[in-house]
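Below are my notes on this model, as numbered points.

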Amino acid sequence: MIRLILAGLGALLIAVAGFVGFRTFSFVAPPPPAAVEIAESSSYAVDASAAAVRLGEAIRFRTVSLVSDGEDRAQFEQFHAWMQQRYPAFHAAARREIVGELSLLYTWTGSDAAQPPIILLAHQDVVPVPDDTRQNWTVDPFGGLVRDNAVWGRGAIDDKGSLISILEAAEFLARQGRQPVRTIIFAFGHDEEIGGEGGAVLMARLLAERGVRAWFVLDEGMAALERHPLTGAPAAMIGISERGSGTMRVRAVGQPGHSSMPPRETAVSLAAEAVNRIHDMPIERGLEGGPALGMMRALAPELTLTNRMAVSNEWLFGPMLRQRMAGNPAAQALMGTTIAPTMINGGSRPNVLPGEAIAMINFRIHPRDQSADLLRRARQAVADLDGVTVDWSEEPREASSISSTTSSSYALLAALSGDILPDAPVAPGLVLAGTDSRHYSEVAENVYRYQPIMLTAEDLEMPHGLNERISVDNLDRMIRFYIGLMEAGAMQ
Ligand SMILES: [Zn+2]
């Protein structure tokens with residue numbers, strides 16, 4: 001009998017091993033569908049050094065997002081005039097509209113109105129350089145210096161580098177008298193860094209009113225990494241979704257009075273307990289339901305055999321995977337909603353019981369979760385705490401929908417990226433911050449977020465940080481990428 005059971009177990013083990021092995025080796029993304037013909041980007045006569053000088057000029061306009069009235073609008077207006085002067089062929093070919101006072105919407109009309117347009121996004125505004133960080137810059141943040149084969153200054157990567165590359169590419173083609181078959185729309189917002197309500201939102205609404213339904217939208221958001229954390233090797237990450245966000249406000253009320261004979265719970269103890277419970281509420285994490293699985297599949301050929309076996313057999317290794325990822329904030333953010341208590345406030349004296357205590361908990365919402373459900377679960381977690389109420393402090397923003405990785409547009413972006421960055425396999429990713437592109441989901445079939453530039457770990461600190469700069473090589477890549485995109489995507 002024992003022998004029979006052992007034999008049975010042995011057969012089962014062999015079957016499991018076989019299944020694990022099969023899944024491990026079949027766990028590879030299917031090849032993207034046949035893309036349109038693309039030209040070799042090295043054939044374009046691009047003068048990246050001259051473009052670098054123009055990007056430097058663009059950086060000198062201090063187009064810091066305008067948070068209140070009476071700020072320096074003139075910087076934006078001068079920047080607009082400069083664009084017209086520097087890119088005359090493009091401005092002659094395309095129609096320019098000003099939307100929301102300072103955002104720019106260009107339409108380069110194609111000869112075939114039946115083809116859905118391409119929408120290219122970039123933003124004009126930049127984040128400020130706080131006074132207390134200015135001394136840590138090695139150059140003037142608004143000097144637009146070209147030095148050591150790079151263009152330095154606020155906005156070099158985020159996002160004037162994109163804006164100028166798009167204009168350089170369009171000017172390059174317009175100067176040759178090239179005309180699009182498919183319409184190309186360029187939408188350059190002026191308030192992306194403060195939410196896009198006065199720019200991207202209005203431009204997207206205008207396009208919707210005009211009945212625009214684009215083939216795809218392309219914006220900033222992700223790039224190629226020299227060392228992808230998963231593989232340690234280069235990977236070009238195309239953002240196919242971005243997380244939502246919202247802040248829950250926890251309010252706890254208690255009996256005010258002296259603290260010498262306190263009730264069992266005070267407003268502060270209730271708030272603390274509620275924050276802890278919400279912080280610890282169970283959140284689904286996993287590869288499914290977001291871009292993580294597609295990313296793993298796309299990078300599978302680069303994974304070590306053990307990692308590939310683990311991620312391709314989540315049914316078996318799921319608990320181990322989740323445990324290993326638990327200590328890794330980046331993996332946590334990729335695989336599920338994150339919860340961060342950020343503020344807690346209550347009481348004014350050490351010996352007085354406050355009437356209320358308030359806490360704020362910041363949520364970054366994974367595409368598989370919805371804000372209404374998160375709130376319902378948070379309320380459930382604190383239901384037995386008398387005097388505690390939980391609400392979203394303001395209307396939360398849902399995660400964006402997930403764009404396709406099997407579409408013709410994704411295949412086009414992947415092919416162009418592969419030509420420019422041949423060592424970086426293309427993989428889909430989840431954008432952890434927010435971009436203007438989320439406002440365009442109603443007017444496009446798919447929305448992608450990608451800058452074809454190769455970034456080191458150090459480079460990743462630069463947007464919004466110190467010594468922001470872009471290498472002339474990366475600028476050259478972006479210009480060639482956009483030329484290829486307009487040519488292959490809209491001119492044949
Ligand atoms: Zn940006």
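**Notes on the model**

1. Helix α7 is followed by Gly 211, whose phi is positive, near 75 degrees. Helices here are DSSP runs of H or I with at least four residues, strands are runs of E with at least two, and both are numbered from the N terminus. The model is a predicted one: local features need pLDDT of at least 70, side-chain atom pairs count only at pLDDT 80 or more, and totals for chains, interfaces and linings use all residues. Residue numbers start from 1 along each chain as its sequence is written.

2. In α7 itself (residues 200-209), the buried residues are Ala 200, Val 201, Leu 202, Met 203, Ala 204 and Leu 207. Burial is judged from C-beta atoms placed from the backbone: a residue is buried if 20 or more others lie within 10 Å of its own, exposed if 12 or fewer, and partly exposed in between. The buried residues of α7 pack against strands β1 (95-99), β2 (103-108) and β6 (184-189).

3. Most residues other than glycine have a negative phi, and most peptide bonds are trans. Asp 148, not a glycine, has a positive phi of about 50 degrees. Asn 149 also has a positive phi, near 60 degrees. Asp 148 is placed in the loop between β4 (146-147) and β5, and Asn 149 is in the loop between β4 and β5. Asp 148 counts as exposed because it has 9 C-beta neighbours inside 10 Å; Asn 149, with 12 such neighbours, counts as exposed too.

4. The peptide bond from Asp 158 to Asp 159 is cis, with omega near 5 degrees. Asp 159 sits in the loop between β5 (150-152) and α6.

5. How do α2 and α6 cross? The axes of α2 (residues 48-60) and α6 (residues 160-175) come within 10 Å and cross at roughly 130 degrees. Axes are lines fitted to C-alpha atoms, for helices over the stretch in contact, and angles run from 0 to 180 degrees between N-to-C directions. The angle makes α2 oblique to α6; under 35 degrees counts as roughly parallel, over 145 as roughly antiparallel, 65 to 115 as roughly perpendicular and the rest as oblique.

6. On the α2 side, the contact is made by Ala 51, Arg 54, Leu 55, Ala 58 and Ile 59; α6 gives Lys 160, Gly 161, Ile 164 and Glu 168. Contact means that C-beta atoms, placed from the backbone, lie within 7 Å.

7. The chain is divided into domain 1 (41-242 + 426-490) and domain 2 (244-392), with bounds from an automatic or database domain assignment. Their C-alpha centres lie 34 Å apart. At the boundary, 14 residues of domain 1 are in contact with 12 residues of domain 2. On the domain 1 side, β8 (235-242) and β15 (426-431) are the elements that give two or more residues. The largest share, five residues, comes from β15.

8. Is Phe 481 buried or exposed? This residue of helix α15 (residues 472-490) has 25 C-beta neighbours inside 10 Å and therefore counts as buried. Leaving aside neighbours within four places in sequence, Phe 481 is in contact with Ser 41, Leu 416, Ile 420 and Pro 452. The C-alpha atoms of Phe 481 and Pro 452 are separated by 7.0 Å, although the two are 29 residues apart along the chain.

Note on methods:
Contact = placed C-beta atoms within 7 Å.
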